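Morning, everyone. Let's get the model up on the screen and go through it.

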Amino acid sequence: MANDGIMTKRIVILGGGTGGTLSANRLRHFFPEDGVEIVVVDQNDDHVYQPGLLFVPFGLTHTDEIVRSRGDQLHRGIEFRQTPIERVDIDSNTVHLADGSELTYTVLVVASGSILVEEETEGLTGPSWMEKVFTFYDVAGATALHSALEGFDGGRLVVNVVDMPIKCPVAPLEFCFLADWYFQQTGMRDRVELTYVTPLDGAFTRPAASKILGGLLEEKDVHLVTEFNTGEVDGSGGRLISYDGREVGFDLAVVVPLHGGASYVTRSPGLGDELGFVPVDEHTLQSAAKRNVFAIGDAAGVPTSKAGSVTHFEGEVLVENVRRFLADEPLDGSFDGHANCFIETGFGKALLIDFNYDTEPLPGHFPISVGLPLLKESRLNHLGKLMFQPLYWHSLLPGRDLPGVSSAMPTRGKDFQATS
Amino acid sequence: MSTTTYADTAVSVNDEGFFEDPSQWTEAMASEIAKEQDIDELTELHWQVIKFMRSEYAEKGTGPTVRVLGKTSGVSIKELYQLFPKGPAKTAAKIAGIPKPRGCI
């Protein structure tokens, strides 16, 4: 396909986070530079290791340890453009950038993740925002919450998920588990009432895991309020109010706001759905609207968790399908919705869950029968979670395969009899 | 799965009372299903939501969630809860004779 009369193909990747970076690096490795140009666009140069945000409020890590330059994670031969995106015109294969320039593409990869839309919940960003009402889902919020926890002298701490979908659906539960640990360490657990307030009918989206995680909440004396659809956050009155009129009182609220796709997606006719996510085939990641558009990670509207592990597993299929599309070959439909999450449970332990579109999280071991224990608290899983951060920067983003971790969900260590 | 009767017609519903086959539904059944959900009378606004649920299902294969409903149906989330106090997405889907909306994961 020609661009400006030159016979060069151009892959434009919108977003330089987990999905955009690992896709760009893998594609660069595959295609010679004189045949295919690769351009990554992002509005800033801050690549956040998002799993680290959970640990910031408890003083277990600092933001300067989890933020690096986006450009520095991209291999040579990849162009990095730092500018906001205005919109995409999928009919003319053109990205309009906020600096007024245009970028035409042969293939577009949408990898711009999800954003927090705090303003969609009444009262959430009112006068008590960042004083009594916080989120740990971005760097500023996690940092402010750290100070708030240090100054907290007891009372009702409420953790609230406004509505799904959210990034890493286990993170708010992990926050509860770590809060229990934190207040025990500071000797004030008996003065803190912890409550988890969720729109779901249980602790988690998947039944088997929901049962085990619900049990852990109970064990750690965290109250569970279910089917609560937050309609309003009354900061000064210290109340969450649901659409059906129920109330939960708080002295300190940790709220996971509504999520949406990047704002340019909604400004791009035909590209996204009502929430700004890009509908793609759940097995090939190709857009339903246009064949030369693909999406990866949180930006993609596929029925699995919005999580870094999912993005990582999607990467292999995405890169293969961009290659096949450019070679005019039939696409690879092998993405199975694989997700793999370490769930930090406090006191140096963690749980591991592994599942896909069709298989619930099962007990057993990962990836084979002598591996990490699944759906069970262990020290080994906690170490696995800690070990993951260096692997993220040095193996996953550069596009190397992680030893023992495959894109397709492994079945060998799982106990399939255990499903109830 | 079990069978129940609305507007003198037998239909298949699942354990939670959602239609197994939306083509079995007729408008005449709606008010009967609504009464089971403690909604005595279906107003014009109720019908706007019910018809929207059915067209979304026909187009996308699943009914919308309450958040999407608030953005696209022309009725705000607050009003939706006034119309369907037991939960707009689930209740409206039930009355509209479509399966339970696939929640997000």
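Chain B has an average pLDDT of 92, and 97% of its residues reach at least 70. pLDDT is the predictor's confidence in each residue, on a scale from 0 to 100. Within chain B, helix α1 (residues 27-36) has the highest mean among the elements, 96. Helix α3 (residues 66-72) of chain B has the lowest, 91. Helices here are DSSP runs of H or I, at least four residues; strands are runs of E, at least two; both are numbered from the N terminus. For the model, ipTM is 0.82 and pTM is 0.93.

Ground rules. This is a predicted model: local features need pLDDT of at least 70, side-chain atom pairs count only at pLDDT 80 or more, and totals for chains, interfaces and linings use all residues. Residues are numbered from 1 along each chain as its sequence is written, while chains are lettered from A and ligands numbered from 1 in the order in which they are written.

Now the interface. 13 residues of chain A contact 13 of chain B (C-beta atoms, placed from the backbone, within 7 Å). The chain A side splits into 5 nonpolar, 5 polar and 3 charged residues. Nonpolar means Ala, Val, Leu, Ile, Met, Phe, Trp, Tyr, Cys and Pro; charged means Asp, Glu, Lys and Arg; the others, Gly among them, are polar.

Next, a sheet in chain A. It is open, with 3 strands ordered β15-β16-β17 and antiparallel pairing. Pairing takes at least two DSSP bridges between two strands. Which strands stand at the edges? β15 (230-234) and β17 (247-249) of chain A; each has a single partner strand, so one side of each lacks a neighbour in the sheet. Strand β16 (residues 239-242) of chain A pairs with β17(A) over 3 bridges, antiparallel. There, A:Ile241 has A:Glu247 of β17(A) as its bridge partner.

Methods. Two residues are in contact if their C-beta atoms, placed from the backbone, lie within 7 Å.
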